[in-house]
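These are my notebook entries on a single protein model.

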Amino acid sequence: MEASPEIAPLDHLEYMRLALSFAEKSPPKPTNFRVGAVLVDEGTNQVLSTGFTLELPGNTHAEQCALRKYSSAKNVPEEAVGSVLPAQTVLYTTMEPCQTRSAGNIPCVERILGTRSGEDGGVKTVYVGVKEPDTFVVGNAGQSKLEQAGIVYIHVPGLEQEILYTATAGHQKS
């Protein structure tokens with residue numbers, strides 16, 4: 001865990017900028033989006049964990065990496081991460097969490113929902129920079145699935161162009 005004195009509490013745009021800085025670390029590839037994620041305890045304004053696409057071995061997504069790294073730091077299995085998340089945990093992600101993954105991978109929406117098994121209820125709010133473009137999955141319903149489960153979904157405006165530019169680096173431009 002690291003303190004975030006440079007980011008004022010509830011400064012959603014700055015936390016999204018931080019998530020974007022992690023997205024920029026992801027290798028550009030034509031087969032995925034470069035996404036960044038920041039797990040934050042809003043109660044203490046502490047960054048709990050960060051992640052970016054392909055940061056960890058395998059075809060890993062940003063949210064997956066942030067949650068996996070936090071569970072590892074707390075010495076709990078990834079599926080039990082909700083049991084160790086602070087009560088006011090939120091997630092900033094540059095792109096809407098995926099609802100569909102290729103064979104063998106758990107969608108990020110399911111991972112986020114899985115955090116709610118803990119006593120404090122896991123991730124409470126997901127702050128998103130952009131909706132997922134229809135490049136790989138048409139009509140991602142991540143937002144509606146999160147909202148149906150009681151997780152607040154908030155679009156953070158202001159960085160859409162930068163996020164999409166970063167996310168699609170490595171893609172064939174027409």
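How many cavities of 30 Å³ or more does the count give? The model is a predicted one, and in it I counted one cavity of that size.

Entry on the cavity. I recorded a volume of about 40 Å³ for the largest cavity. Its lining consists of Pro 9, Leu 10, Tyr 15, Val 40, Glu 42, Asn 45 and Tyr 92. Sorted by class, I found five nonpolar residues, one polar and one charged in this lining.

Entry on strand β2. I checked burial along β2 and noted that six of its six residues are buried. In a regular strand, side chains alternate between the two faces of the sheet. On one side of β2 I listed Gly 36, Val 38 and Val 40, and on the other Ala 37, Leu 39 and Asp 41; both faces are covered.

I then looked up the partners of β2. It runs antiparallel to β3, with six bridges joining the two, and Leu 39 stands opposite Ser 49. These two strands form a hairpin with four residues between them, and Asn 45 in the turn has a positive phi of about 60°. β2 is also antiparallel to β4, through five bridges; here Ala 37 has Thr 93 as its bridge partner.

Entry on helix α2. Just after α2, Asn 75 takes a positive phi of about 55°.

Terms used
Residues are numbered from 1 along each chain as its sequence is written. This is a predicted model: local features need pLDDT of at least 70, side-chain atom pairs count only at pLDDT 80 or more; totals for chains, interfaces and linings use all residues. Side-chain values use heavy atoms; hydrogens and water are left out. On a 1 Å grid over the protein atoms alone, a cavity is a set of points where a 1.4 Å probe fits but cannot get out, and a pocket is an open set with protein on both sides within 12 Å along at least five of seven lines; lining residues have an atom within 4 Å of a point. Grid points are joined across faces, edges and corners, and a volume is the space filled by probe spheres set on the points. Ala, Val, Leu, Ile, Met, Phe, Trp, Tyr, Cys and Pro count as nonpolar, Asp, Glu, Lys and Arg as charged, and the others, Gly among them, as polar. Buried means under 20% relative accessible area, exposed over 50%, partly exposed in between (1.4 Å probe, protein chains only). Two strands pair if DSSP finds at least two bridges between them.
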